[in-house]
Amino acid sequence: MKIEGTPYRSVWVNRDDNWSVHIFDQTRLPWTVDILRLTEPSEVAQAIKSMQVRGAPLIGAVAAYGLCLALRQDARTESMEREAAILADTRPTAINLRWAIARMLTVLRNTAPAERVRAAYAEAAAIADEDVAQNEAIGRHGLAIIQDIAAKKPGRPVNLLTHCNAGWIATVDWGTALAPIYMAHDLGIAVHVWVDETRPRNQGAALTAWELGMHGVKHTVIADNAGGHLMQHGEVDMVIVGTDRVTRQGDVCNKIGTYLKALAAHDNNLPFYVGLPSSTIDWNVRDGIREIPIEERPATELTTVTGRALDGSIATIRVVPTASPAANPAFDVTPARLVTGLITERGICAASEAGLTELFPEHA
Ligand code: MRU
């Protein structure tokens, strides 16, 4: 990804000291590009909880680096296990977080304490590098779908609708749902993206719109409730989203509101695709509605809105009467029957156990 022409990943190790960890403060985007330097595991945990860093694949990679920071302070087994549990508990829904910590522990439990820091940084780097490669592959597979649609409407742009932010700022690079869009754009295919604002935290309006704009991709931000109307009027060719956890039977958990887009796409006979690296598949869970823990975020995220005031300052204002209670479930589950296909690094499959295990036979 490039910001004002400079290539970046969404997480990296400081090139001078070789150990501290950098991320972008996503709570400040799109107003300010603030780079944070994290030196303590508690800072990493807080950055994940407060969503300074967010997006399922990215919080997995950042948590892995958090464990590196913890081991620099104390590489003994008891401390390592405690810090790993703290990092894994920072957010409950995205499985990539637990997957990354489990992968780190598998290596580190078999490594002598004196060797653990070196081994941890190597494994965290491997997780980050693999995420980039997997997302690039998702981009290539998803590109074929966009090319098919483009071939059927020559001279007119392919209109995609996306929810939340599943772009490069939600991963180490490329993004999941946005990777095919970037590739199509780079190949000169005319694409236009309807960007759901994604209340309450506005990841669409703030982050997806920002990164599409940085890459020069045409887009229009819409209210979360506008998608169904646009679909009814032929303004959407395809819906593509990311995910925080896909179950063995292909149910898709993603940002709250995704389910409603899938219902509207189904009612309008439109394809609804999901981009995901295999680290997002929870092979131990089948029924997404019953088995995936849904994060309940603070009500203040709903009762307030943050943005740039007309005087240029960043301001948070209340939009709900002070006496009214508010509820803020952060994710929902789209049943597999509403999903046209899962775009993974190994190819596209049906959202079903048969589809997934055909691509990933090691989990059959
Ligand atoms: O609460 P967030 O912003 O971390 O939620 C992110 C999403 O729902 C994304 O769609 C998902 O993590 C996929 S990111 C490639």
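Domain bounds here come from an automatic or database domain assignment. Everything below shows a predicted model, in which local features need pLDDT of at least 70, side-chain atom pairs count only at pLDDT 80 or more, and totals for chains, interfaces and linings use all residues. Residues are numbered from 1 along each chain as its sequence is written, and side-chain values use heavy atoms, with hydrogens and water left out.

**View 1. Who surrounds the ligand?** Here you're looking at the shell of 19 residues around the ligand, where being near means having a heavy atom within 4 Å. The closest are Arg54, Arg91, Gln203, Asn254 and Lys255. Domain 1 (2-129) and domain 2 (138-363) each give at least three residues to this shell. Sorted by class, the shell has seven nonpolar, eight polar and four charged residues. (Ala, Val, Leu, Ile, Met, Phe, Trp, Tyr, Cys and Pro count as nonpolar, Asp, Glu, Lys and Arg as charged, and the others, Gly among them, as polar.)

View 2. A polar contact here is a pair of N or O atoms within 3.5 Å. Asparagine 254 puts a polar side-chain atom 2.7 Å from a ligand oxygen. For lysine 255, a side-chain N or O atom is 2.7 Å from an oxygen of the ligand. On its own the ligand has 420 Å² of accessible area, and the protein covers 100% of it (Shrake-Rupley method, 1.4 Å probe).

View 3. The ligand sits in the largest cavity. A cavity is a set of points on a 1 Å grid, over the protein atoms alone, where a 1.4 Å probe fits but cannot get out; sitting in one takes more than half of the molecule's atoms within 2 Å of its grid points. Which elements give two or more residues to the shell? They're α2 (56-73) and β11 (252-255), named from DSSP runs: helices (H or I) of at least four residues and strands (E) of at least two, numbered from the N terminus.

View 4. Most residues other than glycine have a negative phi, and most peptide bonds are trans. Leucine 29 and proline 30, though, are joined by a cis peptide bond, with omega about 5°; proline 30 is in the loop between β4 (21-24) and β5 (35-38). Another cis bond links arginine 199 and proline 200, with omega about 10°. Tryptophan 174 has a positive phi of about 75°, and you'll find this residue in the loop between β6 (158-162) and α6 (179-186).

Terms used. A polar contact is a pair of N or O atoms within 3.5 Å; within protein, one must be able to donate a hydrogen and the other to accept it, and residues adjacent in sequence count only if both atoms are side-chain atoms. On a 1 Å grid over the protein atoms alone, a cavity is a set of points where a 1.4 Å probe fits but cannot get out, and a pocket is an open set with protein on both sides within 12 Å along at least five of seven lines; lining residues have an atom within 4 Å of a point.
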